[in-house]
Amino acid sequence: MENKWIEQVYIREIGQDSLYGRQHVHDDGCEILWVVQGNGNILLGDTLYRLESSRLYFIPPLMLHYTHPSVPENYIRSKLVFSRHSVRNILTACGSLHLLENLEQTSWSAECREPEKIARIEHFFEEASQIMRNPLHTADARSAGLILQM
């Protein structure tokens, strides 16, 4: 059975996407959203929060969510959706399955304005994009390491 760690990667996507303003869930996917520019609202579960630039958001699988930027044409973000199933496999192998509880139940956000943190986040998305472009990016150590870094 093939396990794709990384299901979707978007780097510095501008404007609206196909899910603009639509509530949705990822059945097996965890989503990491990095807002480069823009603001508005983000729904996480049943709570509406402020969507802010220089903020990283984590959305666990099966959590209802959507983003609604105030000015869509000024909204720039990077997004990664990765497989919870694959993360479960590697954490089980490492004897660290307890770490998955946080990934499956809790959404969070973090402000990241320091240049070194921004550089690490940008590098994270670039690395994910390179892995995604590799046709053999199944459950390998490079993908696992990248996801677990975050």
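1. Burial. A residue is called buried when its relative accessible area is under 20%, exposed when over 50%, and partly exposed in between, with a 1.4 Å probe and protein chains only. On that scale, 43% of the 150 residues of the chain count as buried.

2. Basis. This is a predicted model, in which local features need pLDDT of at least 70 and side-chain atom pairs count only at pLDDT 80 or more, while totals for chains, interfaces and linings use all residues. Numbering starts from 1 along each chain as its sequence is written, and side-chain values use heavy atoms, with hydrogens and water left out.

3. Elements. The chain has four helices and eight strands. Both are DSSP runs numbered from the N terminus: helices are H or I with at least four residues, strands are E with at least two. The order from the N terminus is β-β-β-β-β-β-β-α-α-β-α-α.

4. Sheet. Five strands make an open sheet, ordered β1-β7-β2-β5-β8, with antiparallel pairing. Two strands pair if DSSP finds at least two bridges between them. β1 (6-14) and β8 (108-111) are the edge strands; each has a single partner, so one side of each lacks a neighbour in the sheet. On average, neighbouring strands are turned by 10 degrees against each other, direction ignored.

5. The β1 and β7 pair. These strands run antiparallel and are joined by six bridges. Ile14 stands opposite Ile76 in β7.

6. Helix α3 (residues 115-133) lies across β1, β2, β5 (55-59) and β7, at about 130 degrees to β1. Axes are lines fitted to C-alpha atoms, for helices over the stretch in contact, and angles run from 0 to 180 degrees between N-to-C directions. Contact means heavy atoms within 4.5 Å. Of the contacts in the chain with a separation of 6 or more, 73% come from residues 24 or more positions apart.

7. The largest cavity has a volume of about 120 Å³. Thirteen residues line it; closest to its centre are Asp17, His24, Glu31, Thr67 and Lys79. A cavity is a set of points on a 1 Å grid over the protein atoms alone where a 1.4 Å probe fits but cannot get out; lining residues have an atom within 4 Å of a point. Points are joined across faces, edges and corners, and the volume is the space filled by probe spheres set on them.

8. Lining. Two or more lining residues come from each of β2 (29-37), β6 (65-69) and β7 (76-83). β6 gives the most, with three. By class, the lining of the largest cavity has six nonpolar, three polar and four charged residues. Nonpolar covers Ala, Val, Leu, Ile, Met, Phe, Trp, Tyr, Cys and Pro; charged covers Asp, Glu, Lys and Arg; the others, Gly among them, are polar.

Note on methods
On a 1 Å grid over the protein atoms alone, a cavity is a set of points where a 1.4 Å probe fits but cannot get out, and a pocket is an open set with protein on both sides within 12 Å along at least five of seven lines; lining residues have an atom within 4 Å of a point.
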